[in-house]
Amino acid sequence: MANLFASINVALSSLIAQSQVTTIIEHNVANVNTEGYHRQVAELSAGPAVSLSNSYYGTGVGQMGSGVYVTSIKRYSVEFYNKRYRAENEEASKWSTEAEIVSQLESSLLETTSDGLLTKLDSFFENWQSLSNDPTDTSVRRELLDSAKELASAINTRYTQIEEIRAEQDLSIDARVQEINALATSIAQLNEQISRIKSIGDSPSDLLDARDLALDRLSELAGATSFEQSNGEVTVSIEGHILVGGHEAYGLHTEMDFSNENLKKLVWDDNKDLIPSSGELAGIIEARDSVFTEQRTGLNELSMALKDAVNAIHQTGYGLDSSTSLDFFVGDDAGSFAVNSALDDVEKIATASIDGEVGDSEIARAIFALRTTATMNSGTATFNQYYNDQISKLGLAVQRAETNAYDRGLVADALQTQRESVSGVDLNEEAANMVKSQKAYEAAARIISTIDEMLDTIINRMGAGR
């Protein structure tokens with residue numbers, strides 16, 4: 001009879017264990033679409049054996065099993081795939097972010113439309129040619145003045161667009177710094193909870209999922225790397241500087257960079273500068289401080305070279321009213337580039353090389369000739385060729401960023417697929433495991449029913465025929 005009671009305990013342990021297995025399977029199925037979730041499985045182990053020798057009234061020698069128990073809950077994760085995925089994803093994020101920002105500038109310049117700067121440059125010089133054919137025609141002079149003002153306005157607009165989009169990136173940097181600090185604080189808190197749970201022998205699977213998700217995002221934002229300690233805590237760093245150590249988070253903030261036109265720079269709380277080499281922040285900073293700066297410099301050089309070349313000729317000429325020594329363009333950079341307001345009186349536009357010779361158009365022809373003169377790049381490119389090269393560089397920057405983002409993204413996606421194949425939930429597999437657990441549970445329940453019948457025979461029926 002003692003063996004029957006022991007058998008009840010064995011069957012009961014099976015019921016409890018299979019119930020726990022079912023609960024874990026249900027948890028997996030419930031989180032099949034949860035981002036960052038790693039599937040879990042109950043690891044079963046046979047209970048400690050009990051010696052039968054002299055224990056059960058001479059029933060024999062040896063040992064009898066005491067059932068089955070859930071010894072641990074295993075979380076499927078491969079750190080190798082995590083590190084590889086984060087390394088590729090941070091590069092893909094850098095390039096995709098840069099491509100997105102630079103594409104904003106490319107689309108705002110409208111160089112493939114009739115509002116392109118090249119079109120306005122051509123119109124400006126063509127109007128000088130028209131004026132050279134009839135320097136006394138006031139309407140032609142006004143057309144020239146209008147085309148010059150449109151050209152100046154187009155240059156101003158492009159300069160403003162570069163500056164505005166460039167300045168907007170400081171807001172993006174601030175937002176990402178706030179996100180990094182929030183994630184760092186969250187990881188520090190998770191470190192504390194995970195180490196405490198592990199210290200008592202439990203498996204903090206869902207907490208590990210939350211932390212891995214945060215680590216993925218940190219790598220995407222700033223190329224953060226992590227190292228797991230023996231107690232389950234992770235140390236997180238960016239460019240060699242500790243972001244999270246144990247239960248402490250070491251934050252970032254932004255400051256004005258006086259060496260970079262008062263734009264934002266990244267600074268650790270210990271006042272050390274951070275210059276990220278990967279992740280979204282690196283893409284933003286490279287676009288802001290490299291691509292945009294190059295485009296602004298090119299626009300400044302074009303506008304100032306055009307001003308100097310046109311003014312050098314125009315100052316030597318005479319208008320219909322004998323005015324001379326007048327600048328045609330004014331301004332110190334592309335942002336302030338403009339037509340001299342004195343020329344609103346179109347008779348002051350110089351076309352003649354000799355005072356009083358109103359039919360002389362030598363000055364107008366000389367300015368028109370600038371259209372095909374190699375003025376830029378140390379005398380190797382015309383104005384149109386120079387600006388076309390600038391736009392080509394911008395297009396190549398977009399193409400390079402998009403290509404790199406696509407290539408690195410493909411690798412990251414492949415690694416993510418491999419991660420999912422190991423740690424993701426497969427509904428077919430979970431269904432099969434559910435059936436196995438259900439059958440085991442039903443068998444254990446049947447055993448208990450059988451033992452109940454056996455006990456009923458012993459207790460209630462033995463000697464009933466006397």
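Glu261 is partly exposed because its relative accessibility is 45%, where partly exposed lies between buried (under 20% relative accessible area) and exposed (over 50%), using a 1.4 Å probe and protein chains only. The model is predicted, so local features need pLDDT of at least 70 and side-chain atom pairs count only at pLDDT 80 or more, while totals for chains, interfaces and linings use all residues. Residues are numbered from 1 along each chain as its sequence is written, and side-chain values use heavy atoms, with hydrogens and water left out.

Glu261 sits in the loop that links β9 (252-257) to β10 (263-268). Strands (E, at least two residues) and helices (H or I, at least four) are DSSP runs, numbered from the N terminus. The phi of Glu261 is positive, about 60°, although Glu261 is not a glycine. Most residues other than glycine have a negative phi.

Asn271 also has a positive phi, about 70°, and is not a glycine. This residue belongs to the loop between β10 and β11 (273-274). Asn271 counts as exposed because its relative accessibility is 59%.

Ile24 lies in helix α1, which covers residues 2-30. Ile24 is buried because its relative accessible area is 10%. Contacts, defined as heavy atoms within 4.5 Å, link Ile24 to Gln40, Val41, Ala42 and Ile73, leaving aside neighbours within four places in sequence. Val41 stands 17 residues from Ile24 along the chain, and 6.6 Å separates the C-alpha atoms of the two.
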